[in-house]
Amino acid sequence: MAWVAGIDEVGYGPMLGPLVVTAALFEVPSADSCLWDLLSPAVSRKPGGNRVSVCDSKELHKPGDPALIERTAVAFWRARDGATEASFLEFVAAHAFGADALDGYPWYRPLALGLPFASDARPMAGHAASVRKALDKAKARFAGIRSSLADAREFNAGVEKSGNKSDYLFEISGRLYRWLWETTAGPERIDVFVGKQGGRAFYADKLQALFPDAFVMIAEESREISTYMIEGKKRRMRMSFVADAEMKHFPVALASIVAKYTREGLMEAFNRWWGERVPGLKPTAGYHGDAGRFLKETEDARRELGIEEGMLVRSR
């Protein structure tokens, strides 16, 4: 058996709402196993159809309608052993580093979203069962999902401390690199594929600082892919930062979907809360053009509620 993992981020660019970075971890029959092929009875590489879709979340997601990404995210979440979470907030708390900080935001505290929240719950058990059956037949195991998230206050503090957004993205992603390193201790190497971050091509120094008790060796560094071997006393990791990784590696595509679903659910709560306080307010996805409109329309309400801009708006 071999370990393979994928990591991707969602929400790096917006002004409003959380940054979410997610890792998906699998145990597969061999290092060259293709999960799209192994799980093809239950999983499709393209959107649509009766099977669960695993592809780039930007392909799968329709603005304002998270039903398709929800079907995939919840089906895989419930395909895990021991998944019992019944609400969206329980789902976030169970898989996300940084979820405890959400209690400090009033729009998340009364988060009354189910799991699922955007689609019919009845077919979800069937999708999860199909994924489990395909995993069992392929002799593969979905070993876990973890995310690392930061909303505006944590994001702003992190960027100020690290000096720039790119370094903070590496820092918040580093929680997941360490989680994978510690979760897969043993003689088998883990292969980790990460979506290229912020145009960076060189990661060796930052990886060495993150893994001080291991040796980090450069295998390749280019615009398309940067690969490193990380060798410790009892574990080995090959980490590749890949351009368009979500189109090439199944675990990255799944991580992208779960990250997108996590952000979309939190933005749903955010928009519901503000919509209850500002009649006629249109929801926002939090990106720069529309965020300005949202901030202008909520200005009076924010002043009355005593909500400071730094609690809502990212500094960079």
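In this predicted model, helix H3 passes helix H10 in a left-handed crossing. The two axes, those of H3 (residues 67–79) and H10, come within 9 Å and cross at roughly 110 degrees, which makes H3 roughly perpendicular to H10. On the H3 side, the residues involved are Ile 69, Glu 70, Thr 72, Ala 73, Val 74 and Phe 76, and they meet Phe 250, Leu 254, Ile 257, Val 258, Lys 260, Tyr 261 and Glu 264 in H10. Sorted by class, this contact has nine nonpolar residues, one polar residue and three charged ones.

H10 also meets helix H4 (residues 88–95), with the axes coming within 11 Å and crossing at roughly 130 degrees. At that angle, H4 is oblique to H10. The crossing of H4 and H10 is again a left-handed one. From H4 come Phe 88, Phe 91, Val 92 and His 95, while H10 brings Val 258, Tyr 261, Thr 262, Gly 265 and Leu 266. There are six nonpolar and three polar residues in the contact of H4 with H10, and no charged ones. Val 258 and Tyr 261 of H10 turn up here as well as in the meeting with H3.

What does H11 pack against? Its buried residues pack against helix H10 (250–277) and helix H12 (299–305). Those buried residues of H11 are Ala 291, Arg 293, Phe 294 and Leu 295.

Now for the sheet. Eight strands form an open sheet with mixed pairing, and their order is E5-E6-E2-E1-E7-E10-E9-E8. Strand E5 (96–97) and strand E8 (215–221) are the edge strands, each with a single partner strand, so one side of each has no neighbour in the sheet. Helix H7 packs on this sheet and touches E1, strand E2 (19–28), E5, strand E6 (141–150), E7, strand E9 (225–231) and strand E10 (236–242). The direction of H7 makes about 25 degrees with that of E2.

Some of the pairings can be followed residue by residue. Strand E1 (residues 2–10) pairs with strand E7 (residues 189–195) in the parallel sense, over five bridges. Ile 7 has Val 194 as its bridge partner in E7. Val 194 in turn has a bridge partner in E10, namely Phe 241. E7 and E10 are likewise paired in the parallel sense, here over seven bridges. On to E9: seven bridges join this strand to E10, and the two run antiparallel. Phe 241 shows up in this pairing too, as the E10 bridge partner of Ser 226. E9 and E10 make a hairpin, with four residues between them. How much of E10 is covered? Most of the strand is, with five of its seven residues buried.

H7 has a helix partner as well. The axes of helix H6 (residues 152–162) and helix H7 (residues 165–183) come within 8 Å and cross at roughly 110 degrees, which makes H6 roughly perpendicular to H7. This time the crossing, with H6 passing H7, is right-handed. Glu 154, Phe 155, Gly 158, Val 159 and Ser 162 of H6 make the contact with Lys 165, Asp 167, Tyr 168 and Glu 171 of H7. Classed by type, the contact of H6 with H7 has three nonpolar, two polar and four charged residues.

A few backbone details are worth a look. Most residues other than glycine have a negative phi, and most peptide bonds are trans. The peptide bond from Leu 115 to Pro 116, however, is cis, with omega near 10 degrees. Pro 116 is found in the loop between E5 and helix H5 (124–138). Further along, Lys 139 is not a glycine, yet has a positive phi of about 60 degrees. Lys 139 lies in the loop between H5 and E6. Is Lys 139 buried or exposed? With a relative accessibility of 61%, Lys 139 counts as exposed. Asp 244, another residue other than glycine, has a positive phi as well, near 55 degrees. The loop holding Asp 244 is the one between E10 and helix H9 (245–248). Asp 244 has a relative accessible area of 45%, so this residue is partly exposed.

Notes
Residues numbered from 1 in each chain as written. Predicted model: local features only at pLDDT ≥ 70, side-chain atom pairs only at ≥ 80, totals over all residues. Heavy atoms only, no water. Buried < 20%, exposed > 50% of the residue type's maximum accessible area, 1.4 Å probe, protein only. Contact = heavy atoms within 4.5 Å. Axes fitted to C-alpha atoms, helices over the stretch in contact; angles between N-to-C directions. Parallel < 35°, antiparallel > 145°, perpendicular 65-115°, else oblique. Left-handed = near helix turned anticlockwise from the far one by under 90°. Nonpolar A, V, L, I, M, F, W, Y, C, P; charged D, E, K, R; others polar. Pairing = 2+ DSSP bridges.
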